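Here is a short walk through one model. Keep the structure in view and follow along.

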Amino acid sequence: MDKELTNQLNKELTDHQRHESSAKDKRQRKVNPRLETIFSILLLILGSFLIAVSFNVFLVPLGIASGGVSGISILVNRMTGFPPAYMQWAINVPLFFLGLWLLGKRFALKTALGSFLLPLLVLLTSHFKPLTDNAMLASIYGGIGVGAGLGLVFRGRSSTGGLDLAAQLLHRYTGLRLGLAVACFDGVVIAAAGIIIAPENALYALVGLFATTKTIDFVQTGLAISKVAFIISDRPAAITEVVLHDLDRGLTQLDGRGGYTGEARTVLMVVVGRGEVSKLKQLVRAADRNAFVIISDTAEVLGEGFSLP
């Protein structure tokens, strides 16, 4: 009887602790909307400034039009001498109102500040002198700078408008995939650069676009690359024990079936930091030398023990 009472008390205590822990997590995750908005605006300003500086010191002087409204403004500037900032306003403002009309107020307002702010910063930094006259260096560093700026803007859940709005409209009314729509617009701009300026400039623009894309991914996910391991073993209980207690990581048991034998197998999935891979392999080898282990990269992990948004 005493044992049953003790077990009941332990259960109630455990449930109470779980409830308290859950309530604490909810309090921690609750974010002040005003602070979140301020942080988003600060990221938009900083990101737009990085884009504007990179645009003026790397891309404009050498005519590297790597897509988007900025690329169009470079082409127009090369043909007519019209300042890039004014050309960006001339495209962004009509696109903004078109988006407001067709996509709704909620979507368009997210791009309102960026659509007006970025050209303003391009105008204010237009007197900055070029840092290099080497087209390859300009395309690489210009692409990195623009990508870093866009990554910050996206982390703040904002947008700089431009052809992203046009791509959204094309996606909405034609069913074309959004990524393909963006690529189509960028491809047209880069091809035009090859015709209007020089074929070599189009090649440099592709280099810049590649650098921009990779830098955006880097800013979004960071350096904290985690590893996910899938472990197939005849001794899943022993491996579970060492992962939970010696590695101090959680894991998930998946139901699998052998392709040749048809026998039911347990597949263990565990996510670890990059520095824990060696220890995981050592522990698995000690628990079952015949275990089959697959380890691969995972770009982002959210949840207990890892970063939360």
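A crossing is left-handed if the near helix is turned anticlockwise from the far one by less than a right angle, and right-handed if clockwise. Helices (H or I, at least four residues) and strands (E, at least two) are DSSP runs, numbered from the N terminus. The model is predicted: local features need pLDDT of at least 70, side-chain atom pairs count only at pLDDT 80 or more, and totals for chains, interfaces and linings use all residues. Residues are numbered from 1 along each chain as its sequence is written, and side-chain values use heavy atoms, with hydrogens and water left out.

Start with helix H2 (residues 33-59) and helix H6 (residues 135-155). Their axes come within 7 Å and cross at roughly 165 degrees. H2 is therefore roughly antiparallel to H6. Axes here are lines fitted to C-alpha atoms, for helices over the stretch in contact, and angles run from 0 to 180 degrees between N-to-C directions. Roughly antiparallel means over 145 degrees; under 35 is roughly parallel, 65 to 115 roughly perpendicular and the rest oblique. The crossing of H2 past H6 is left-handed.

Now look at the residues that meet. Contact means heavy atoms within 4.5 Å. H2 contributes residues including Leu-43, Gly-47, Ile-51 and Phe-58, while those from H6 include Ala-138, Tyr-141, Gly-149 and Arg-155. By class, this contact of H2 with H6 has 14 nonpolar, 6 polar and 1 charged residues. Ala, Val, Leu, Ile, Met, Phe, Trp, Tyr, Cys and Pro count as nonpolar, Asp, Glu, Lys and Arg as charged, and the others, Gly among them, as polar.

Ser-54 sits in H2. Its relative accessibility is 6%, so Ser-54 counts as buried. Buried means under 20% relative accessible area, exposed over 50%, and partly exposed in between (1.4 Å probe, protein chains only). Beyond its neighbours within four places in sequence, Ser-54 contacts Leu-59, Gly-142, Gly-145 and Val-146.

Next, find Thr-160 in the loop between H6 and helix H7 (163-174). Thr-160 is buried too, at a relative accessible area of 9%. Not counting residues up to four places away in sequence, Thr-160 touches several residues, among them Ser-48, Ile-51, Leu-150 and Val-153.

Finish at helix H11 (residues 277-287). Its buried residues are Val-277, Leu-280, Leu-283, Val-284 and Ala-287. They cover an arc of only 130 degrees around the axis, so they lie on the same side of H11. The arc is that of the directions from the helix axis to the C-beta atoms. Ser-278, Gln-282 and Ala-286 are exposed on the other side of H11.
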